[in-house]
Amino acid sequence: MDWIIYAVAGILSGFLGGLLGIGGGLILVPALLIVFSWMQLSPEIATHLAIGSSFGVILFTSLSSIWTHHQFKNIEWDTVKPMSMGILLGTSVGVYMVAQVSSEYLQLIIGVYAWLMALKVVIKLKPKLTPYPNAPKLLGAGVGVGWVASWFGIGGGTLMVPLLTGWRMPAVRAIGTAATCGFPVAFGGALTNAWVGWSEAGLPEGATGYLFWPAILALACFSVPFARLGARCASHFPENRLKQIFAGFLIIVGARFIFFN
């Protein structure tokens, strides 16, 4: 049954990650929590282990999405470079803070965040169009994106895509750029989760801190090819349809964390 969940979660997270420019963490984290519940892990360990392992999977899926978006010329590398430096800093600081929060409150925070993002899309709030920022502002934006993403085990696409479109970047290029920035988010998140969870008692065999490698590698096997497929499809989907898919997905995930944590 574990492998069935890994397969479904990997396919969905990979495809939606490539399609929407998100890391897929809002699918991976609930799926991992189901598996960890069957393994009878402590809830306090399970939530942090799910978030850390989600970052581990996103490391692999983001590389697949980056390559495909790069082939379609959907990445603004001048934006990626300065933001990545800020993302690494923000993610690392955020993971240290998350480690101090209880599992119950952490799951509630994730659910509320998912619903707020869905509401923004449903009521069609448009980001205020602003001039393209300079490098220091991009660095600062990266810190903010990394810090928020660290709480949810996500690649930061739910923040990055609206931010980039607000800078007058076309939606498809915003998705490709957000997917690319998912790699430094995942790298910083995975490394710091391994460090902060290193001496945690009760971790399952095969875990390095809050990274559970059997799940990471299994999910990556399914998610990587579908991340590439999703990235290919992003260039062919109407923008409004992409937003509708995104909102529906966030509503379902939010309900899972708010009502069933």
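## Close-up views: a pocket and some helix pairs

**View A. The lining of the second largest pocket splits into 13 nonpolar residues, no polar ones and 1 charged.** (Nonpolar covers Ala, Val, Leu, Ile, Met, Phe, Trp, Tyr, Cys and Pro, charged covers Asp, Glu, Lys and Arg, and the others, Gly among them, are polar.) Bear in mind that this is a predicted model, where local features need pLDDT of at least 70 and side-chain atom pairs 80 or more, while totals for chains, interfaces and linings use all residues. Residue numbers run from 1 along each chain as its sequence is written, and side-chain values use heavy atoms, with hydrogens and water left out. The pocket's volume comes to about 260 Å³, counted as the space filled by probe spheres set on grid points joined across faces, edges and corners. (A pocket is an open set of points on a 1 Å grid over the protein atoms alone, where a 1.4 Å probe fits, with protein on both sides within 12 Å along at least five of seven lines; lining residues have an atom within 4 Å of a point.) Its lining has 14 residues, and Leu12, Leu26, Ile27, Pro30 and Ala31 sit nearest the centre. Helix 1 (2–20), helix 2 and helix 10 (239–259) each give two or more residues to this lining. (Helices are DSSP runs of H or I, at least four residues, numbered from the N terminus.)

**View B. Helix 2 (residues 25–38) and helix 3 (residues 43–71) cross at roughly 130 degrees, their axes coming within 8 Å.** (Axes are lines fitted to C-alpha atoms over the stretch in contact, and angles run from 0 to 180 degrees between N-to-C directions.) The pair is therefore oblique. (Contact means heavy atoms within 4.5 Å.) Sorted by type, the contact residues are 11 nonpolar, 4 polar and no charged.

**View C. Helix 4 (residues 77–98) and helix 8 (residues 171–196) have axes within 8 Å of each other, crossing at roughly 25 degrees.** That angle makes them roughly parallel. Among the residues in contact are Trp77, Met83 and Tyr96 from helix 4, and Pro184, Phe187 and Trp195 from helix 8. The tally here is 13 nonpolar, 10 polar and no charged.

**View D. Helix 7 (residues 157–166) crosses helix 8 at roughly 140 degrees, with the axes within 9 Å.** So this pair is oblique. Gly157, Met160, Val161, Leu164 and Thr165 of helix 7 contact Ala171, Ala174, Ile175, Thr177, Ala178 and Cys181 of helix 8. These residues divide into 8 nonpolar, 3 polar and no charged.

Key. Angles under 35 degrees count as roughly parallel, over 145 as roughly antiparallel, 65 to 115 as roughly perpendicular and the rest as oblique.
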